[in-house]
Every structure is written in C-alpha cells, then in structure tokens.
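My notes follow the order in which I checked them.

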Amino acid sequence: MRRGPKTRLARCAVAFAAVTMLAVLTAGSASAGVGQKCPNFRVVHNDRINGVPFPAGNYKMSVKRMACQQATDYFRQFLQNNQNDLPKGWRLFSKRLKFKNKKQNIAFRVKRIGGGGGGDGGGGGGGSMTGRCPGTFQVLHNDRINNLPVPAGNYQIKVKRMACQQASDSFKQFLAADKVSQGWKVIKAKKKFRNRKQNIAFRIKQVS
C-alpha cells in the first residue's frame, strides 16, 4: 500500500525524534569515558587552526568527557572557519594537538597517522571519516530503499571518506524517499550506499 505525504511526514518525524534521542543517549555514555578512541578523521586539504598546521591526511582522535561525534563536529567546524580561529572558550595546545574547552570541561586530541589527501593549502579545510560511527540509527518500520529491504531495528553505520552525520542524514533521506538520491547507488549484497562522483560511501548493518 502506498503511503501518502502526511503518513510519510509523520513517520519521518517519529524516526527523527527517535534518532535524536539515541544520539543524546550515545553522547551521554561516551562523555563518561576518558581517552576514548574514535573513528579516524580525514583532513582533505592542508589547513591551519590558530596558526597551527594540519596537513592533509588521516588523523586518529581521542576524547575526554565528550562524545566522538561531538569532537568530530567541532574539529570540522574549526577547519572550516574562514579565519581559522577557534571559537570563544576553546584553546589549542599545539605540541599535543589538543583542543580544550575549560568552561565546558571537555577536550579532544588528534594525531596524524597517514599522508596524502590532496590539496595545496589554498582551500578551506573540511574533513571526513573512515570507520564505524558511534551509536546506532533506529528504523521504526519495515522499509525499502530501491531494491534493498530495510527491516525495522537498530543499525550500525560505517563510513568511508565522509562524516557520520552526513551518512546518517543521507540514510534518513533515502528512507523517506524509498530510493537513493541522484548520484548514489545501492550495492545490495553489501548493504552499501556509494556516490562515485563524490568518492564517498557508507554501509549499514542491523544490530538488533
């Protein structure tokens, strides 16, 4: 039976609320850890933050009293800042590549672990990740994206050269439309979504 626009909107609203709640719970559990290791983050172009160079390449990240996704979002924001300055409240310890917000009592560190990544230092930063995303994404009803069945349940998302939030948003969009957006392809056997033009991909795995 085909769903009407109102039914679809209601379903998406419920799903979004559930995902938001899961994200909050995940952030809470992650914030209790000290030195928790996060998925790798990729800096696409040579960049600087507060005058400190961040060459293009892969970086491992560890957090203190904050969630991995929160640290990832902050790091991307710092790289994309047009002035390459940290927002108020943040401090960068250049020797350890540690970012600390004393008022919020949170911190994270990054360490470059690989070379390459393109760019000549002229562009505006940005970044992506390769690895497993924290938390899970909840699908409330049995669904389908193109020819891929997506049963109700919790899903783990694994990304390749893209941010977890971007993958989560794309997955939500595909579920709402029952198909992938232009430029995306579904690889059914691997439960994988790939955008060859953007050179990004993510996979889903049902965990409950």
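How many disulfides does the structure hold? I counted two disulfides, a disulfide being a pair of cysteine sulfur atoms within 2.5 Å.

Before going on, I noted that this is a predicted model, where local features need pLDDT of at least 70 and side-chain atom pairs count only at pLDDT 80 or more, while totals for chains, interfaces and linings use all residues. Residues are numbered from 1 along each chain as its sequence is written, and side-chain values use heavy atoms, with hydrogens and water left out.

Entry on Cys38 and Cys68. I found their sulfur atoms 2.1 Å apart, in a disulfide. The link is left-handed, with -80° about the S-S bond. Cys38 sits in strand S1 (residues 34–43) and Cys68 in helix H2 (residues 68–80), so the pair ties together parts that are 30 residues apart in sequence. For these names I used DSSP runs numbered from the N terminus: helices are H or I of at least four residues, strands E of at least two.

Are Cys38 and Cys68 buried or exposed? Cys38 and Cys68 are both buried, where buried means under 20% relative accessible area, exposed over 50%, and partly exposed in between (1.4 Å probe, protein chains only).

Entry on Cys133 and Cys164. I read 2.1 Å from S to S for this disulfide. Its link is left-handed, at -100° about the S-S bond. Cys133 lies in the loop between strand S8 (127–132) and strand S9 (137–139) and Cys164 in helix H3 (residues 164–177), so parts 31 residues apart in sequence are tied together. I noted Cys133 and Cys164 as buried.

Last, I numbered the bonded cysteines in sequence order and wrote down the pairing as 1-2, 3-4.
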